[in-house]
Amino acid sequence: MHELSVCQALLAQVEQVARENAAHSVEKVVLRIGPLSGVEPRLLQDAFPIARAGTVAASAELVIEELPLTVRCQNCGAETAAAPNRLICGACGDWHTQLISGDELLLASIELTKS
Amino acid sequence: MCDTCGCNITPGNKHLIEAGGKLSHSADGKAAVEVLHGLLGENDQQAAHNREHLEKHGVLAINLMSSPGAGKTALLEATIAAMKDELRIAVIEGDLETENDAERIRAQGVPAIQITTGSACHLDAHMVHDALHHLDLAKIDLLFIENVGNLVCPASFDLGQHRNVVLLSTTEGDDKPAKYPVMFRAADLLLLTKSDLLAVLDDFDPARAEQHLRQLANAAPVLQLSARKGAGMDAWFGWLRAETAARRAAARKLRPAERFNGVFRV
Ligand SMILES: Nc1nc2c(ncn2[C@@H]2O[C@H](COP(=O)(O)OP(=O)(O)OP(=O)(O)O)[C@@H](O)[C@H]2O)c(=O)[nH]1
Ligand SMILES: [Zn+2]
Ligand SMILES: [Zn+2]
Ligand SMILES: [Zn+2]
Ligand SMILES: [Zn+2]
């Protein structure tokens with residue numbers, strides 16, 4: 001439930017990229033988020049308009065790509081899909097697994113307009 | 001409710017705060033810049049800096065997390081009473097309001113710094129940094145950071161700690177790890193607290209709590225204890241002793257070899 005502070009961290013990075021690229025404005029921000037990131041995509045969408053106000057991204061669109069949850073089994077080696085509260089191997093049922101994807105919180109790309 | 005969080009913005013009220021304009025797109029001059037960055041980068045940098053401060057002095061920092069009232073402060077009081085002659089302990093207390101918890105700790109005779117977060121439901125690395133500068137790290141072996149009581153946010157913010165200890169009290173239900181996987185996945189040790197109440201609560205099964213934790217692919221040890229009755233506390237103290245010893249050994253390795261500037265006489 002810290003989505004506004006996440007948005008503020010996001011916009012600090014967006015502003016930096018915009019500066020480095022001498023951008024006039026930012027049109028689109030693309031995030032990649034896994035279900036175990038601790039961030040709710042819907043709350044992030046709600047917080048974004050507030051955080052973007054007064055920044056170079058004041059009219060930017062936020063696009064969130066949700067990443068799949070995948071684990072690798074240390075017992076049988078299988079890579080399978082998992083649920084956030086059941087990170088067990090889909091092949092043999094063992095819980096000795098490693099998260100391969102699903103806890104990401106990444107700024108993937110930015111679309112900007114150059115003046 | 002929460003200034004730094006998005007939880008006070010709902011689909012019902014967001015039209016009130018949204019800045020007027022529609023999204024405008026211009027086809028010209030657009031450039032897509034691939035960035036791929038961890039978003040909490042700034043917090044993580046600060047956390048790494050905090051860890052450096054701590055490690056330079058061989059301090060073990062433990063982040064205590066739980067829902068409100070699971071018994072974090074009570075556990076600290078009992079731990080300090082039992083161990084303060086053996087380990088030099090200090091505490092950073094995070095709460096929305098009041099100095100109550102810090103005063104309870106100071107009453108045990110060890111330093112406690114209160115961070116009043118106001119409206120934020122978690123501590124972040126910057127708040128902890130400010131608190132660290134009020135402590136004499138050279139005089140501390142073990143630093144507890146009591147996070148704000150909340151099973152959601154605190155798990156997302158690295159503070160610079162070495163270990164996460166998550167408390168689950170017997171009155172909360174044994175299925176909490178399944179409901180709050182982000183928090184419980186981060187646990188290096190799970191403490192089932194208020195075990196003295198197990199006798200009257202027939203629906204909390206410690207084995208089931210552990211099973212839910214294992215389903216998160218978490219191999220962390222699970223200990224049952226009662227800060228009030230003292231049961232199970234020795235295993236917890238043992239874990240603390242082993243962890244502080246390991247941290248001190250790591251700090252000795254970090255320290256550069258001492259240089260001898262004098263002249264050896266044989
Ligand atoms: N029966 C029993 N009660 C306990 C035990 N430990 C704590 N309590 C009680 O639980 C309540 C909350 O304890 P605290 O230690 O203040 O909990 P906390 O996690 O620090 O609470 P917050 O800081 O507000 O999140 C108090 O009334 C304690 O007396 C225990 O081992 N057994
Ligand atoms: Zn929060
Ligand atoms: Zn398997
Ligand atoms: Zn407390
Ligand atoms: Zn510093």
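The structure described here is a predicted model.

Polar contacts to oxygen atoms of ligand 1 come from both backbone and side chains. A polar backbone atom of Gly69(B) is 3.1 Å from an oxygen atom of the ligand. On the side-chain part, a polar atom of Glu146(B) lies 2.9 Å from an oxygen atom of ligand 1, and an N or O atom in the side chain of Lys194(B) is 2.9 Å from an oxygen atom of ligand 1. Ligand 1 on its own has 650 Å² of accessible area, and the protein covers 75% of this.

Chain B also holds a zinc ion, ligand 5. The coordinating atoms are the NE2 atoms of His49(B), His53(B), His129(B) and His133(B), at 2.0 to 2.7 Å. Along the sequence these donor residues follow the pattern H-x3-H-x75-H-x3-H. His49(B) and His53(B) are both part of helix 2 (residues 41-56) of chain B, where they stand four residues apart, about one turn of the helix. His49(B) is partly exposed, because its relative accessibility is 34%. His53(B), by contrast, has a relative accessible area of 18% and is therefore buried, the cut-off for burial being under 20%. The arrangement of the four donor atoms around ligand 5 is irregular, because the angles they subtend run from 72 to 164°; a tetrahedral assignment would require all angles to lie between 85 and 135 degrees.

For four tetrahedral donors the ideal angle at a metal is 109.5 degrees. Cys76(A) is partly exposed, because its relative accessible area is 42%, whereas Cys89(A) counts as buried because its relative accessibility is 3%.

Two helices of chain A were also examined. Helix 2 of chain A consists of twelve residues (41-52), which at 1.5 Å a residue should span 16 Å; the end C-alpha atoms are 16 Å apart, so the span agrees with expectation. This helix is mostly covered, with nine of its twelve residues buried. Among the buried residues are Leu43(A), Leu44(A), Ala47(A) and Phe48(A), as well as Asp46(A) and Arg52(A). Gly54(A) follows helix 2 of chain A and has a positive phi, near 80°. Helix 1 (residues 3-20) of chain A contains Ala9(A), which is buried because its relative accessible area is 17%. Ala9(A) and Lys114(A) are 105 residues apart along the chain, and their C-alpha atoms are separated by 23 Å.

Terms used: Residues are numbered from 1 along each chain as its sequence is written. Chains are lettered from A and ligands numbered from 1 in the order in which they are written. This is a predicted model: local features need pLDDT of at least 70, side-chain atom pairs count only at pLDDT 80 or more; totals for chains, interfaces and linings use all residues. Side-chain values use heavy atoms; hydrogens and water are left out. Donors are N, O and S atoms within 2.8 Å of the metal (3.2 Å for Na, K and Ca); water is not among the atoms, so sites may look incomplete. Four donors count as tetrahedral if all angles lie between 85 and 135 degrees; four count as square planar and six as octahedral if opposite donors are over 155 degrees apart and all others between 65 and 115; anything else is irregular. Buried means under 20% relative accessible area, exposed over 50%, partly exposed in between (1.4 Å probe, protein chains only). The expected span of a helix is 1.5 Å times one less than its number of residues. A polar contact is a pair of N or O atoms within 3.5 Å; within protein, one must be able to donate a hydrogen and the other to accept it, and residues adjacent in sequence count only if both atoms are side-chain atoms. Accessible areas come from the Shrake-Rupley method with a 1.4 Å probe; for residues, only the protein chains shown count as cover.
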